[in-house]
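Please walk through this structure from the whole chain down to two single residues. The sequence and the model come first, and the explanation follows.

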Amino acid sequence: METGARNQRIAVCHVASGDLWAGAEAQLAALLRALAHHRDLRVFVVLLNEGRLAEEARRSGADVKVIPESAHTFFEILGEATRYVRARGILILHSHRYKENLLAALLARRCHVPFVIRTEHGAPEQFKGLKQLKQRVLRQVDRLVGSYATDRVISVSAELQPRLARYVNPRRIAVIPNGLDTDNVHSHLSPLEAKRRLNIPADCPVLGYAGRLVPIKRLDIFLAAAKEMASRTPEARFVVVGEGCDRPRLEERAQALGLEHRAFFLGHRDDIFDVLRALDVFVLCSDHEGLPMVLLEALHMGVAVVARQVGGIPEVIQDGVSGSLVRSADPRALADACVRLLEDSNLRRRLAQGGQSRVAERFLAERTAADVAELYLRCVRPSSAEHRDG
């Protein structure tokens with residue numbers, strides 16, 4: 001099989017849910033676009049939902065198979081995916097998230113696919129009650145699959161690697177940071193035009209967040225900091241972009257803090273880069289992050305960033321050079337860092353420029369794709385990869 005693989009392009013099939021459009025999905029879409037024209041690869045995708053990821057995958061040129069999980073049981077999905085994989089001579093299955101990791105492992109066994117790779121996009125989120133119990137079971141199953149049925153694990157940050165090494169042999173872990181497809185991240189608006197579209201006066205500083213509205217993102221810290229900032233910079237406005245289970249609670253909290261005329265919940269936006277253009281400061285308050293795509297997007301857009309020093313964020317943000325890091329969950333510390341940037345336009349501009357340079361130097365999709373492709377080649381053609389390195 002290895003001899004045949006040397007004479008043909010390697011067939012790689014990504015397995016993902018596609019039910020959401022968040023950081024992991026944006027990263028996968030960027031990766032698919034960058035891998036599409038690789039001379040050694042043929043790219044296939046199995047998704048469990050129609051949606052934006054399916055659209056982006058098709059646009060990249062990948063062969064896409066959608067098996068809607070809403071209309072099929074898990075074993076029906078497994079059967080249909082088995083027929084798809086067998087017919088295409090897949091040599092590598094590359095999965096994302098719990099359910100897809102299990103599906104890929106079973107597919108590999110049924111279809112005799114020799115290599116299984118997964119990407120870990122971040123640490124598991126914490127839930128309560130029955131969700132917590134279900135998560136523990138899923139996590140344990142996923143760790144067993146990772147330990148015994150996965151050949152390589154991609155960690156999107158160095159910080160995440162030791163967590164993975166608790167159940168995966170460290171020699172099977174590759175740290176490959178997320179990369180941004182800059183051709184698809186842009187706005188034709190000026191900052192003033194972008195603010196105007198949000199019905200925000202041009203002279204009002206705007207601070208904001210974009211992403212999922214879920215507990216791990218700690219938007220409660222952002223709102224508490226906004227309350228503190230409102231007393232010091234009365235003209236400041238705050239925007240929250242995205243959807244999630246936390247939205248009703250956060251809107252109630254904003255009203256209780258007296259921010260109903262200052263804080264705006266914009267929901268899902270297809271024009272997210274136009275919204276980012278309107279921001280003077282982008283804020284991340286999460287308890288943990290792998291390596292957030294929206295952080296790379298904001299930096300590339302030239303927005304100064306204030307973020308908590310958690311997860312893979314310090315691997316992107318160099319404090320005082322490419323952004324501002326906050327070392328606690330204290331809303332006052334977050335407010336102090338934000339107000340400092342609002343009051344010092346030169347500092348804000350310098351950090352924004354530093355952030356743009358940091359993304360351009362280290363976090364581009366082309367570099368990520370090259371590293372991922374090299375990992376594929378090392379699996380299928382190890383002697384060829386070693387020869388190239390030599």
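**Charges and overall form**

The chain carries 56 positive and 48 negative side chains, and 4 Å separates the centres of the two sets. Lys and Arg are counted as positive and Asp and Glu as negative, while His and the chain ends are left out; each charge is placed at NZ of Lys, CZ of Arg, CG of Asp or CD of Glu.

This is a predicted model, in which local features need pLDDT of at least 70 and side-chain atom pairs count only at pLDDT 80 or more, whereas totals for chains, interfaces and linings use all residues. Residues are numbered from 1 along each chain as its sequence is written, and side-chain values use heavy atoms, without hydrogens or water.

The pLDDT (the predictor's confidence in each residue, from 0 to 100) averages 93 over the chain, and 94% of the residues score at least 70. Residues 1–5 have a pLDDT below 50, and this stretch makes eight contacts in the model beyond near neighbours in sequence; a contact means heavy atoms within 4.5 Å. Over residues 385–390 the pLDDT also stays under 50, with seven contacts beyond four places in sequence.

There are 16 helices and 13 strands in the chain, taken as DSSP runs (H or I over at least four residues for helices, E over at least two for strands) and numbered from the N terminus. The radius of gyration is 22 Å, close to the 21 Å that the globule rule gives for 390 residues, so the chain is as compact as a globular protein of that length. That radius is taken over C-alpha atoms, and the rule is 2.2 Å times the number of residues to the power 0.38. The C-alpha trace spans about 70 × 50 × 35 Å along its principal axes.

Of the 390 residues, 54% count as buried, meaning under 20% relative accessible area with a 1.4 Å probe and protein chains only. Among contacts with a separation of 6 or more, 69% are between residues 24 or more positions apart.

Glu56 lies in helix H3, residues 52–60, and is buried with a relative accessible area of 10%. Leaving out residues up to four places away in sequence, Glu56 touches Trp21, Ala29 and Arg33.

Phe282 sits in strand S11, residues 281–284, and is buried at 0% relative accessibility. Beyond four places in sequence, the residues that Phe282 touches include Gly208, Tyr209, Leu276, Val294 and Val305. Val239 is 43 residues from Phe282 along the chain, and their C-alpha atoms are 9.7 Å apart.

How values were computed:
Buried means under 20% relative accessible area, exposed over 50%, partly exposed in between (1.4 Å probe, protein chains only).
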